[in-house]
Amino acid sequence: MVITRDKVLEWIKRYADLLAENRDYLTQLDAAIGDADHGANMDRGFKAVLSKMPEIADKDIGTILKTVGMTLLATVGGAGGPLYGTLFLQAGMKTTGKMELTLEDWINALEAGITGVKNRGKAELGDKTMIDALVPAWNALKQAAENGSNLGEALDRCARAAEEGMKATIPLVARKGRASYLGERSAGHQDPGATSSYLMLRAAAEVWRDA
Amino acid sequence: MKKLINKPEDVVREELEGMALAHPDLIRVHFDPNYVVRVDAPVKGKVGVLSGGGSGHEPMHGGLVGIGMLDAACPGAVFTSPTPDQMLEATKAINGGAGVLHIVKNYTGDIMNFEMAADLARAEGIEVESVIIDDDVAVQDSLYTAGRRGVGSTVLAEKLCGAAAEQGRSLKEVADVCRKVKDWGRSMGMALTSCTVPHVGRPTFDLPEDEMEIGIGIHGEPGRTRMKLKPADEIVEMLMEPIIKDIPYKPGDEVLLFVNGMGGTPLIELYIVYRKAHQIATQHGLKVVRNLIGSYITSLEMAGTSITLLKMDEDMIKLWDAPVKTPGLRWGM
Ligand SMILES: Nc1ncnc2c1ncn2[C@@H]1O[C@H](COP(=O)(O)OP(=O)(O)O)[C@@H](O)[C@H]1O
Ligand SMILES: [Mg+2]
């Protein structure tokens, strides 16, 4: 029950595909409370990541994740670039030299990534950001592992918690990011960043379920 | 979508290519990473002044690069902040040994990307100061939010800091000018129409023919409130009152009054706005000693206006009057 390097590559590819499929949807969400670019930004970033994949396919997981982070930093821009860039860079630091990940390794890597996002963006739970999907998802992952769930179950719980967290952003009034400029008018809309974070964890659950 | 473009993904690159062909006497354009830089950069011993932001606000920032204003500008994708590698390369390209000022508009993305770039530049031994412009009174300021947006004052900061750098002032002194603009400038904007981001293909929001958005930013985002369209004078009152109330003006103060077009509003209307804004400022005892009227910080083809008031002192007036030669703003040379 481990996540191999090839599975990590597959996850990144699956996430890139999901972002491409949901590009217009994410942009629509961002049009309602932001500036209509989140889908285009993430898609541009992960297209660049895909073009780097051949170079990194034989590297360790840490190097792969760090390369994804650096590529996102240089190609996404906006708030999403530094935040997702930091998430992947930090997760990469935690997995340096590893050729496979146990559930525990993944819990630690994701935690490092989320801590990086918090440090960079200073958002708290309930501010209507990607943090609202990531933090409950990580908590569910950790809880599942402590309860002795297997990898597949734990990843499913994680993705489902991310989905709930994403939906729970709808009534919130944004306190961080561009949506905060709308004040009360930001309520009633789902946060685009929380949505792209859910897609990331859903991709992991889909691809690693049967690892 | 009806636009004079070829392909949405080529918009920024082709615009930059056009600028490079149009203004070889003033600027150079560097691609991958993208930045516009003053033709004679780095100017030895002079503080470099850098700004950047999403594209779609032209002439800001690339069109404000030249003598007496910005040394370089980093354009992002349309309405998307540029990335740290662009900012780092531009910072290096304009570092004449006296350090570089980053003029940053207060948006989460811009701040985070500029922060990372400043860290990287410092790690390479370049002195960097950053000043964050956050002048939009439409947004309530609060410790717990992202704070106010950076809008019209940015253009004024770029002019004044560029002039100060041209005079050979130190990095700290140039940054002090920027901080003064940050403290003494206030803005508010409104939209008559939305705008269409090329890669999206349809307007960011729908605005019925008889309605307007008050308190918009510069990214085609909806504003704080939507209401029925009113005559120009009433709209100007709605923009001017919050600006004047917000501090730091008092009767007798000298101000610069900047009436900005959002991209799709003709000059004829901007003068109607200026007329009323000038009257209101005067009624409050403010003395309008300088002005700027035109579309300088835009939101693609959005129709609408923003008004900026900047309190001026003697030094700032001199810096304002100093010669400037950029594609978008020129006088005195
Ligand atoms: N300070 C922050 N901390 C965490 N996430 C944030 C923060 N600010 C914004 N976000 C996330 O970024 C998303 C917007 O990303 P994007 O549209 O790519 O950037 P921008 O807002 O610069 O256009 C938001 O939906 C939100 O989830
Ligand atoms: Mg956005």
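**Chain A: helices and a metal site**

What covers the buried residues of helix α2 of chain A includes α1 (5-21), α3 (38-56) and α9 of chain A. Before going further, the conventions. This is a predicted model, in which local features need pLDDT of at least 70 and side-chain atom pairs count only at pLDDT 80 or more, while totals for chains, interfaces and linings use all residues. Residues are numbered from 1 along each chain as its sequence is written, chains are lettered from A and ligands numbered from 1 in the order in which they are written, and side-chain values use heavy atoms, with hydrogens and water left out.

Helices (H or I, at least four residues) and strands (E, at least two) are DSSP runs, numbered from the N terminus. Buried means under 20% relative accessible area, exposed over 50%, and partly exposed in between, with a 1.4 Å probe and protein chains only. Contact means heavy atoms within 4.5 Å.

Back to α2(A), residues 23-33: its buried residues are L26(A), T27(A), L29(A), D30(A), A31(A) and I33(A).

One of these, D30(A), is also a metal ligand: the magnesium ion (ligand 2) is coordinated by D30(A), D35(A) and D37(A), each through OD, at 2.1 to 2.2 Å. Donors here are N, O and S atoms within 2.8 Å of the metal (3.2 Å for Na, K and Ca); water is not among the atoms, so sites may look incomplete. The spacing of the donor residues in sequence is D-x4-D-x1-D. D35(A) counts as buried, at 2% relative accessibility, and D37(A) is buried too, with a relative accessible area of 5%.

Helix α9(A), residues 192-208, also meets α7(A), residues 131-146: their axes come within 7 Å and cross at roughly 35°. Axes are lines fitted to C-alpha atoms, for helices over the stretch in contact, and angles run from 0 to 180 degrees between N-to-C directions. From α7(A) the contact uses A133(A), L134(A) and A137(A), and from α9(A) it uses A194(A), S197(A), M200(A) and L201(A). These residues divide into 6 nonpolar, 1 polar and no charged. For that count, Ala, Val, Leu, Ile, Met, Phe, Trp, Tyr, Cys and Pro are nonpolar, Asp, Glu, Lys and Arg are charged, and the others, Gly among them, are polar.

**Chain B: strands**

Two strands pair if DSSP finds at least two bridges between them. In chain B, β1 (residues 27-30) and β2 pair in the antiparallel sense over 4 bridges, with R38(B) of β2(B) as the bridge partner of I27(B). The two form a hairpin with 4 residues between them, and D32(B) in the turn has a positive phi of about 50°. On its other pairing, β2(B) is antiparallel to β4(B), residues 72-78, over 2 bridges; there V37(B) has A72(B) as its bridge partner.

Which faces of β2(B) are covered? Both: Y35(B) and V37(B) on one side, and V36(B) and R38(B) on the other, are all buried.

Next, an open sheet of 6 strands in chain B, with mixed pairing and the order β9-β8-β7-β12-β10-β11. β9 (225-228) and β11 (287-294) of chain B stand at the edges with a single partner strand each, so one side of each is left without a neighbour in the sheet. Neighbouring strands are turned by 20° against each other on average, direction ignored. Within the sheet, β7(B) (residues 185-191) and β12(B) (residues 304-311) run antiparallel and are joined by 7 bridges, and G189(B) stands opposite S306(B). Helix α5(B), residues 171-184, packs on the sheet, touching β7 and β12 of chain B, and its direction makes about 55° with that of β7(B).

**Chain B: two buried loop residues**

H61(B) lies in the loop between β3 (48-55) and β4 of chain B and counts as buried at 4% relative accessibility. Its side chain makes a polar contact with the side chain of E158(B) at 2.7 Å. A polar contact is a pair of N or O atoms within 3.5 Å; within protein, one must be able to donate a hydrogen and the other to accept it, and residues adjacent in sequence count only if both atoms are side-chain atoms.

T326(B) lies in the loop between β13 (324-325) and β14 (330-331) of chain B. Is T326(B) buried or exposed? Buried, with a relative accessible area of 0%. Its side chain reaches the backbone oxygen of L329(B) at 2.8 Å and that of G63(B) at 3.3 Å.
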